[in-house]
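Hi,

Here's the structure I said I'd pass on. Have a look at it first, then read my notes below.

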Amino acid sequence: MIITPLMEKYILHWGEMGTRWGVNRTVSQIHALLYLSSEPLHAEDISSLLSVARSNVSTSLKELQSWNLVEVSHVMGDRRDHFRVKGDTWEMLLTIIEERKRREIDPTLTMLRQCELEMDDDKETPNSVKEKIRNMNQFISTLASWYEQVSSLPKSTLITLMNMGAKVAKLIPGRSKKRRE
């Protein structure tokens, strides 16, 4: 595989964006490379193509596997593991969202629910603070519930919904056109 200047631009930018999303640069660059590659790649090829230490590639591939973004593939006559991205761009997006929910939203909901359970016995915390915690729990619970419903929709329905944008609000009876109430 040869990395063209256009591919390099994409891979480097994906690495930069990864750091903004809280993901290691090399992990993101490897993901970008595998996304662009028409064939599965083994770790030595990835290391060579990106000029990254082999140990860093191994660690990064494990991270990508833990996110369910890449999978191992085997090539006849080659004992090495080869890697490729799982699914198309939509599946990638949904996988990232699901993993972020599992890693970030679910533990936060658990903590907020625990806080609410402890509120009745807590005489020190002001009621205004307790109300803010209840509000946050309600907000994140609603968000998680919405995600669960939307994530079960067929991909074609998701695409239609996204393409509708704000027009979807017209389907809600009695809603004004104000931005945020």
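This is a predicted model: local features need pLDDT of at least 70, side-chain atom pairs count only at pLDDT 80 or more; totals for chains, interfaces and linings use all residues.

The crossing of H1 over H2 is right-handed. Helix H1 covers residues 5–20, and its axis sits 7 Å from that of H2, at an angle of about 140°. Angles over 145 degrees would count as roughly antiparallel, so H1 and H2 are oblique to each other. If you want to find the contact, look on the H1 side for residues including Met7, Tyr10 and Trp14, and on the H2 side for residues including Arg25, His31 and Leu36. The residues of this contact split into nine nonpolar, six polar and two charged.

Now for the sheet. It is open, with three antiparallel strands in the order S1-S3-S2. S1 (41–42) and S2 (70–75) are the edge strands, each with a single partner, so one side of each has no neighbour in the sheet. In general, strands of a sheet pair through backbone hydrogen bonds.

H4 (residues 54–66) packs on it and touches S2 and S3, with its direction at about 115° to that of S2. H2 (residues 25–36) lies across S1, S2 and S3, and runs at about 95° to S3.

Cheers

Definitions and conventions: Residues are numbered from 1 along each chain as its sequence is written. Side-chain values use heavy atoms; hydrogens and water are left out. Two strands pair if DSSP finds at least two bridges between them. Helices (H or I, at least four residues) and strands (E, at least two) are DSSP runs, numbered from the N terminus. Contact means heavy atoms within 4.5 Å. Axes are lines fitted to C-alpha atoms, for helices over the stretch in contact, and angles run from 0 to 180 degrees between N-to-C directions. Angles under 35 degrees count as roughly parallel, over 145 as roughly antiparallel, 65 to 115 as roughly perpendicular and the rest as oblique. A crossing is left-handed if the near helix is turned anticlockwise from the far one by less than a right angle, and right-handed if clockwise. Ala, Val, Leu, Ile, Met, Phe, Trp, Tyr, Cys and Pro count as nonpolar, Asp, Glu, Lys and Arg as charged, and the others, Gly among them, as polar.
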